[in-house]
Amino acid sequence: MSDILAQLTGVSRIYQKGKEKVEVLHQLDLEIPDGDFVAIMGPSGSGKTTLLNLLGGLDKPTAGTVNVGGAELSSMSNNQLSRWRSNHVGFIFQFYNLLPVLTAHRNVELPLLLTNFSAKERAKRASIALDIVGLADRAKHYPRELSGGQEQRVAIARAIVSDPSLLLCDEPTGDLDRDTADEILRLLQVLNREHGKTIVMVTHDAQAAEFAKRTLHCDKGTLEAKEAA
Amino acid sequence: MKYFRLIWKNAWRKKVRTSLTILSVFVAFLLFALLSAIGFAFRGGVDVADAERLVVIHKVSLINPLPMSYLNRIAATDGVASVTHASWFGGYYQEPRNQFGQFPVDPDTYFAMYPELQIAEERLKAFKRNRTGAVVGQELAKQFGWEVGDRIPIQATIWSRTDGERTWEFDLEGIFSTDDPRGSTAYMLFQYDFFEEARAFGKGTAGWYILRVANGADPVQVAKTVDLQFANSPNETKTSTEAAFAQSFMKQFGNIALIVMLILGAVFFTLLLVSGNTMSQSVRERISELAVLKTVGFGDRTVLGIVLSESILIMLMGGLLGLGLGWLIVQGLAKQMGAFLPGVFLSPGAIATGIAMMVGAGVLAGIFPAVKAMRLSIIDALARA
């Protein structure tokens with residue numbers, strides 16, 4: 001594989017819960033090469049989502065550094081992180097998290113509102129993203145008019161519309177049946193192989209992890225590599 | 001503007017709730033429009049007052065008349081350029097609800113004192129020639145459909161005639177207008193000489209005097225000099241500017257400005273509670289959506305702006321509708337009540353104040369939920385979702 005896109009060095013994350021301190025990640029080191037598709041598995045509370053949040057600039061480490069695409073996230077302000085996220089990372093959630101008041105097209109267009117693109121350009125890019133996920137014909141549908149799988153495809157279109165290099169997926173198939181889950185995972189593979197997106201996917205599902213190029217196991221705040229898929 | 005669709009869609013997320021909130025804003029601003037217009041009518045005399053004119057009234061009360069002999073003494077006072085007088089007649093036309101101002105005046109000096117009153121020269125001459133003649137403002141003529149040549153019976157509520165009759169008949173000789181758009185013309189002027197001759201009591205008196213201050217003279221000093229020369233007499237005077245006179249006239253009806261302010265204060269306080277509650281609920285319901293916005297890169301200030309704009313939008317929707325309907329009603333009211341309460345008018349200043357209040361109320365109602373949305377922790381919100 002090629003250059004390193006994301007690098008975590010000596011990362012610890014400690015949360016204060018009442019009077020107690022809980023160390024979720026312990027001096028963790030991780031390198032994610034550009035173009036990688038990595039699945040992170042592990043039991044609940046093992047630190048998977050925290051790791052994802054750190055990679056996405058949603059959280060900051062208590063110790064250590066997080067570097068993604070040359071940007072040192074741990075030293076950025078909240079506003080800088082917001083701007084960075086809008087340009088460099090796409091998020092895909094378990095429960096899709098689409099805005100129910102907007103159509104599929106408008107949901108996909110949402111991240112582009114933060115750019116200086118004209119309305120026409122935004123519409124064009126949103127249409128392309130919907131086309132990539134195979135939902136061009138559902139552009140005017142509201143989330144309530146879509147199936148779970150279709151909602152997740154819209155969420156994926158929203159994640160890729162601003163052409164980020166990194167996609168972070170938190171249990172993207174956790175709310176879907178097996179067949180639909182496989183469709184979504186194949187779509188992620190296409191995005192990884194044909195569009196060059198680097199994907200980090202947290203999952204409980206061993207079958208889902210098989211779609212990734214490699215799997216890491218997270219337990220008690222540390223990572224352990226498993227054999228490649 | 002690119003966020004407008006998002007703001008608009010969020011505002012209408014719960015149609016019934018938003019409609020009810022808009023309805024309450026609508027009612028508040030409808031009330032604001034009506035009360036502002038009525039307040040303007042009561043304040044009207046103050047706004048059009050001329051600083052060069054002073055009004056001399058009885059020190060005890062406006063109701064007490066002053067001796068006619070004061071006219072020459074006031075005219076001879078240093079700093080007085082000219083003087084005229086007027087009295088309150090207090091009658092109605094046909095029915096008691098048709099009340100408006102009628103004033104017996106000296107036509108020569110009165111029209112000279114009020115150059116803003118415009119009347120055709122031949123009509124003014126005809127008025128001066130006819131002892132039972134009268135002139136009315138165009139607002140009044142329009143309301144009652146009067147034309148020059150009409151005979152107008154006025155039923156007196158104070159002044160009976162020497163023959164015991166309470167009906168006074170006047171020949172309409174002219175219709176006057178004013179070049180000041182804020183000034184009312186909903187009143188009638190008739191000959192003092194006729195009034196003086198025909199009234200059963202109170203002869204030799206006038207209600208009040210109006211004087212014009214000579215060029216270069218100090219109005220404050222002139223007022224003092226006038227009052228001083230009648231000090232310690234049975235009819236002491238109080239000389240003030242037209243504005244102060246209009247205000248003291250207004251106070252006969254109570255402190256309208258305070259009443260209007262108290263009503264509006266109560267309405268807007270309630271409005272803030274209602275709309276603030278709506279916005280808080282609306283933000284609570286979409287914590288996870290706000291977290292998603294922040295996740296995809298919407299900054300804290302952008303989120304704050306979106307929530308605040310939503311609150312302002314709701315206020316503007318209800319407020320502009322209320323102000324619009326209020327404006328229409330005020331147009332109708334001005335026609336219906338023109339004679340009884342002239343100058344009912346929704347001024348551009350009141351409209352601008354209304355719009356500023358909509359934005360202000362929107363900010364106040366939305367600021368707490370907006371700050372809450374701004375400070376939202378993405379991780380906590382997504383975990384809760």
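**Figure 1. Contact between chain B and chain A in the predicted model.** Across this interface, 19 residues of chain B are in contact with 20 residues of chain A. On the side of chain B that touches chain A, helix 1 (4-11), helix 11 (287-295) and helix 14 (378-384) of chain B each supply at least two residues. Helix 11 of chain B provides the largest share, five residues. By class, the residues on this side of chain B are seven nonpolar, five polar and seven charged.

**Figure 2. Crossing of helix 10 and helix 13 of chain B.** The view covers helix 10 (residues 256-285) and helix 13 (residues 348-374) of chain B, whose axes come within 8 Å and cross at roughly 30°. Angles under 35 degrees count as roughly parallel, and helix 10 and helix 13 of chain B are therefore roughly parallel to each other. Their crossing is right-handed. From helix 10 of chain B, the residues that take part are F268(B), L271(B), L272(B), S275(B), G276(B), M279(B), S280(B) and V283(B). They meet A361(B), L364(B), A365(B), G366(B), F368(B), P369(B), K372(B) and A373(B) of helix 13 of chain B. The contact of these two helices comprises eleven nonpolar, four polar and one charged residues.

**Figure 3. The largest nonpolar core.** This core has 114 residues, and I40(A) and A157(A) are those with the most contacts inside it. Helix 2 (residues 15-47) of chain B gives the most to this core, with 13 residues. Another core, of 43 residues, lies apart from it and includes V83(B), Y93(B), V105(B) and Y192(B).

**Figure 4. Surroundings of A157(A).** Neighbours within four places in sequence are left aside here. The remaining contacts of A157(A) are with V108(A), A129(A), L130(A), I132(A), V133(A) and L135(A). A157(A) is, with I40(A), one of the residues with the most contacts inside the largest nonpolar core.

**Figure 5. Q27(A), a non-glycine residue with positive phi.** Phi of Q27(A) is about 40°. Q27(A) is placed in strand 2 (residues 20-33) of chain A. Q27(A) counts as partly exposed because it has 13 C-beta neighbours inside 10 Å.

**Figure 6. D163(A), a residue other than glycine with positive phi.** The phi value of D163(A) is near 55°. D163(A) sits in the loop between helix 5 (148-160) and strand 7 (166-170) of chain A. With 13 other C-beta atoms within 10 Å, D163(A) is partly exposed.

Terms used. Residues are numbered from 1 along each chain as its sequence is written. Chains are lettered from A and ligands numbered from 1 in the order in which they are written. This is a predicted model: local features need pLDDT of at least 70, side-chain atom pairs count only at pLDDT 80 or more; totals for chains, interfaces and linings use all residues. A nonpolar core is a set of buried Ala, Val, Leu, Ile, Met, Phe, Trp, Tyr and Cys residues joined through C-beta atoms within 7 Å. A residue is buried if 20 or more other C-beta atoms lie within 10 Å of its own, exposed if 12 or fewer, and partly exposed in between; C-beta atoms are placed from the backbone. Helices (H or I, at least four residues) and strands (E, at least two) are DSSP runs, numbered from the N terminus. Two residues are in contact if their C-beta atoms, placed from the backbone, lie within 7 Å. Ala, Val, Leu, Ile, Met, Phe, Trp, Tyr, Cys and Pro count as nonpolar, Asp, Glu, Lys and Arg as charged, and the others, Gly among them, as polar. Axes are lines fitted to C-alpha atoms, for helices over the stretch in contact, and angles run from 0 to 180 degrees between N-to-C directions. Angles under 35 degrees count as roughly parallel, over 145 as roughly antiparallel, 65 to 115 as roughly perpendicular and the rest as oblique. A crossing is left-handed if the near helix is turned anticlockwise from the far one by less than a right angle, and right-handed if clockwise.
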